Amino acid sequence: MNKRLSLKNGIIHVLLILGGIVMLLPFYWMVATSLKSGGNVTKIPPQWIPNPIDWHFYEKVWVKVDFARYTFNSFFIVVLDIIGTLLSCSMVAFGLAMFNFKLKKAIYVAMLSTLMLPAQVTMIPGYFIWKSFDGIDTYMPLIIPSFLAGAFGIFLLHQFYKSVPRELFEAATIDGCGPWRALWRIYFPLSRSALSALGIFTFMGAWSNTMGPLLYLHDKKMFTLPLGLLFLSNDTGVEPQLLMAGAVIVTIPVIIVFIIAQKQFVEGIASTGLKG
């Protein structure tokens, strides 16, 4: 029995290692391509290890594109998006989880149904709405929606709040603690892992968002990093090393954030599925 169990665990580990290699292969190829020189990119058979290693494409990216400004723009949008998402989604999710009112289920179902709508469906109406508010070529369309609570964030936090014993909220109410105070003093600290998971999702979505800035931003000084990388490909034509160097620079913050908050991310995802 022990041998069979060990064999099963061994097979699972081998499959996981192979799956990890397959997942990391595109990222490795991106980094390797950014370090190749001259015609080594188009060599057949492919050159898996760059020889010689050429770093000048990273320098060229910073000269070709105003990456310092674009980085600041991206971080400015991302930080406000995270703050708005965590605040708005936590309040809506708390209200749906703790209080009973008419049409509660209908509102919740209608909110979840918006997750099935492709972004392309609302793209044109959203553009004309923001145009009527003079929001074109501003950061308003990229920031304000995060303060209006998104369906995914509400669902994620709602699942977590439902997993917390309701007796805790009832005891706080008996002690004279109002809903707002209960949310900020009790539920917010308890939902740290779920908020971290939502924050990471928000960071990855806002950081890599290309369609939104492409649709609403026209002034190059307001471009974000992904949008700057997109125009880099248009300006330079076929220069894969330069494109891959830019892609590596854009990817590094996402990797750093995930490594730092990996534990909270896994705990947050696991905790939101404890109770429906």
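Mentor: A helix here is a DSSP run of H or I with at least four residues and a strand a run of E with at least two, both numbered from the N terminus. Ala149, for instance, sits in the loop between helix 6 and helix 7 (151-163). The model is predicted: local features need pLDDT of at least 70, side-chain atom pairs count only at pLDDT 80 or more, and totals for chains, interfaces and linings use all residues. Residues are numbered from 1 along each chain as its sequence is written, and side-chain values use heavy atoms, leaving out hydrogens and water.

Trainee: What is the phi of Ala149?

Mentor: Phi is near 70 degrees, a positive value in a residue other than glycine. Leu103 also has a positive phi, about 65 degrees, and is not a glycine. Leu103 belongs to the loop between helix 3 and helix 4 (104-113).

Trainee: Why is Leu103 called exposed?

Mentor: Exposed means over 50% relative accessible area, buried under 20%, and partly exposed in between (1.4 Å probe, protein chains only). Leu103 has 61%, so the word is exposed.

Trainee: And why is Val14 called partly exposed?

Mentor: Val14, in helix 1 (residues 2-34), has a relative accessible area of 47%.

Trainee: How do you know that the buried residues of helix 2 are on the same side?

Mentor: The buried residues are Phe57, Tyr58 and Val61. They cover an arc of only 105 degrees around the axis, which puts them on the same side of helix 2. The arc is taken from the directions between the helix axis and the C-beta atoms. The face turned away from that buried side carries the exposed residues Glu59 and Val63.

Trainee: What makes a set of residues a nonpolar core?

Mentor: The members are buried Ala, Val, Leu, Ile, Met, Phe, Trp, Tyr and Cys residues joined through side-chain atoms within 4.5 Å. In the largest core, of 31 residues, Tyr139 and Leu217 touch the most other members. Helix 13 gives the largest share, 6 residues.
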